[in-house]
Amino acid sequence: MHKKTVQKETFKDKKITIMGLGLFGGGVGAVKYLASQGADVTVTDLKSAEELSASLKLLENLPVKFRLGKHYEEDFVNVDMLVVSPAVPNDSRFLQLAFENNIRIDSELSIFFRLCPAPVIGITGSNGKSTTTSLLGEMLKDAGIKTWVGGNIGISLLENLEEIEADDVVVLEISSFQLEYLARIEMSPHISIVTNIAPNHLDRHKTMENYIGAKKAIIHYQQEDDYAIMNYDDPTLKKWEGESSGRHLWFSAASELEHGAFLKNNELIINHNSKRTVIPCSTQIKIKGIHNWQNIMAASYAATLMHADVESIKNAITGFTGLEHRLEHVHTINEVQYYNDSKATTPEAATAGIKAFDNPTILIAGGYDKQVSLHQFALECVRNTKCVILIGGTAETIQKLIQDIKGEKIKPDVYMAASLDESVKKASEIAEPGDIVLLSPACASFGMFANYEERGKEFKELVRDIVAAAPC
């Protein structure tokens, strides 16, 4: 088993400002942990107490000061340390203020990385992170390995730090924003998985080069006994060989690999260190789409490296029904199937969702503009959907892209809707027996919803309303 050098650190009586409490767990985890260590903690967030009520409820009775609704300069100057949420933009004037005053700037994940005694398996990529993370966690647990799953998936493990032992395994989903901070402490996971690279979050990273650079931090600081498991079918990742000291391992849905993981004759095959591991499972996979086969291969390879047995890996694969909000079957009404793919917040994820079905598809898409190209997504809409219903800030952009595509004989009908409610009603009116109604937005939810979970939950409620109204 990989042995890790753990840094020692004390936070007792340190004045610490936590910038960005948020609703995804990281801020709450940092507050709980640092308060438990005897730190003098101040939480500052631009959101109001009402907006943050769910997170604040988890922090009741803790000796913590809250400064909500705005930031105050003194909280970034007269402190020992600033812990920043990954969602805070790099050009924040308050970050700059802390930097100018030589305040140590850190993140929840970076603190965890330094102090965690167990080997870490980190998963990143533009799409497929959460599925791969959850699936790998199930494989390791099924094999009897004590496993902790967290990170960007919405769970902070910082408050569990005292329970995690050196022989456990930690599986973390890591976003590009979190990797920017991890790069500052020059640490990478023992095993890194990169599912794919496609344009994303360019509203924050500004250029594709910056985004790729942030992602590369997951392998950049690996040592000789570390591993990087990457998608052989991804042209960007193929260029990463030699970018770290760790061993580069590959998985492919398109090629048989002499060294690596691939699919052949309904079997998942892993050729590693002159050993061939065969997992006969692909006919029993419940989650749809070639992208999910790639996620399964990546997770299986990492589980094999951690000595999980074939039966446990197979059990996890065949028992895995997918994540909420990721190609989640909601209901079948009058032979029309409704699927919630709200987690598809990138054009590539939504394209994978569309390609998962052979049936005529009515697509609900659109949302917040992350400044990524939607042209290829629009082409996928033209080629593989019956109808597209558009909402949110990108609706007009996608509509125009669909209209401007040349050379396709048949184009889908395109409708504009003012809300998700209106789009679901329209879809139910259009749908015929055998059709799929798919919410796969290709865009983030901001502007209409707090996050993709809220969007997905509303979609499911709207579908259930149709069920309730349908004649028996």
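## Close-ups of a predicted model

**View 1. Q294 and the residues it touches.** Leaving out residues up to four places away in sequence, Q294 touches N231, D233, F251 and A253. This is a predicted model, so keep that in mind for every view here. Q294 is part of helix α10, which covers residues 290-305. Is Q294 buried or exposed? Its relative accessibility is 14%, so Q294 counts as buried, because buried means under 20%.

**View 2. Inside the largest nonpolar core.** Here we're looking at a core of 53 residues. Which members touch the most other members? They are F11, I18, L34, F112, V170 and L172. Helix α1 (residues 26-36) gives this core its largest share, 6 residues. There is also a second, separate core, with 38 residues, and V169, I287, A308 and I317 are among them. For some background, nonpolar side chains in soluble globular proteins tend to be buried together.

**View 3. L172 and its contacts.** Zoom in on L172, one of the core residues that touch the most other members. Setting aside neighbours within four places in sequence, L172 is in contact with residues including L109, F112, F113, V120, I121, G122 and I123. The list of contacts for L172 also includes T133, G150, G151 and L157.

**View 4. Two rings, F11 and Y33.** The whole structure has 5 aromatic pairs. F11 lies in the segment before β1 (15-19), while Y33 lies in helix α1, so the pair ties together parts that are 22 residues apart in sequence.

**View 5. Another ring pair, F76 and F94.** How are the rings of F76 and F94 arranged? This aromatic pair is tilted, with 5.0 Å from centre to centre and 40° between the planes. F76 sits in the loop between β3 (64-68) and β4 (81-84), and F94 sits in helix α3 (residues 93-100). The pair links distant parts of the chain, 18 residues apart. F76 counts as buried at 0% relative accessibility, and F94 counts as buried too, at 10%.

**View 6. Helix α6 packing on helix α8.** Helix α6 (residues 176-184) and helix α8 (residues 208-220) pack at an angle of about 65°, and their axes are 8 Å apart. Their crossing is left-handed. On the α6 side you'll find S176, L179, E180 and A183, which meet Y211, A214, K215, A217 and I218 in α8. Sorted by class, this contact has 6 nonpolar, 1 polar and 2 charged residues. Several residues of α6 are buried, including F177, Q178 and Y181. Just after α6 comes E186, with a positive phi of about 55°.

**View 7. Helix α13 crossing helix α14.** What angle do helix α13 (residues 375-384) and helix α14 (residues 395-404) pack at? It's about 60°, with the axes 9 Å apart. The crossing of α13 and α14 is right-handed. From α13, H375, F377, A378, C381 and V382 meet I398, L401 and I402 in α14. This contact has 7 nonpolar residues, 1 polar residue and no charged ones.

View 8. Most residues other than glycine have a negative phi. E335 isn't a glycine, yet its phi is positive, about 65°. You'll find E335 in the loop between β15 (328-333) and β16 (336-340), and at 59% relative accessibility E335 counts as exposed. Q371 also has a positive phi, near 65°. Q371 is in the loop between β17 (361-365) and α13, and is exposed, with a relative accessible area of 53%.

**View 9. K355 on helix α12.** K355 belongs to helix α12 (residues 347-355). With a relative accessibility of 55%, K355 counts as exposed. K355 and A261 are 94 residues apart along the chain, and 23 Å separates their C-alpha atoms.

Definitions and conventions. Residues are numbered from 1 along each chain as its sequence is written. This is a predicted model: local features need pLDDT of at least 70, side-chain atom pairs count only at pLDDT 80 or more; totals for chains, interfaces and linings use all residues. Side-chain values use heavy atoms; hydrogens and water are left out. Axes are lines fitted to C-alpha atoms, for helices over the stretch in contact, and angles run from 0 to 180 degrees between N-to-C directions. Helices (H or I, at least four residues) and strands (E, at least two) are DSSP runs, numbered from the N terminus. A crossing is left-handed if the near helix is turned anticlockwise from the far one by less than a right angle, and right-handed if clockwise. Contact means heavy atoms within 4.5 Å. Ala, Val, Leu, Ile, Met, Phe, Trp, Tyr, Cys and Pro count as nonpolar, Asp, Glu, Lys and Arg as charged, and the others, Gly among them, as polar. Buried means under 20% relative accessible area, exposed over 50%, partly exposed in between (1.4 Å probe, protein chains only). A nonpolar core is a set of buried Ala, Val, Leu, Ile, Met, Phe, Trp, Tyr and Cys residues joined through side-chain atoms within 4.5 Å. Rings of Phe, Tyr and Trp (its six-membered ring) pair if their centres lie within 6.5 Å; planes under 30 degrees apart count as stacked, over 60 as edge-to-face and the rest as tilted.
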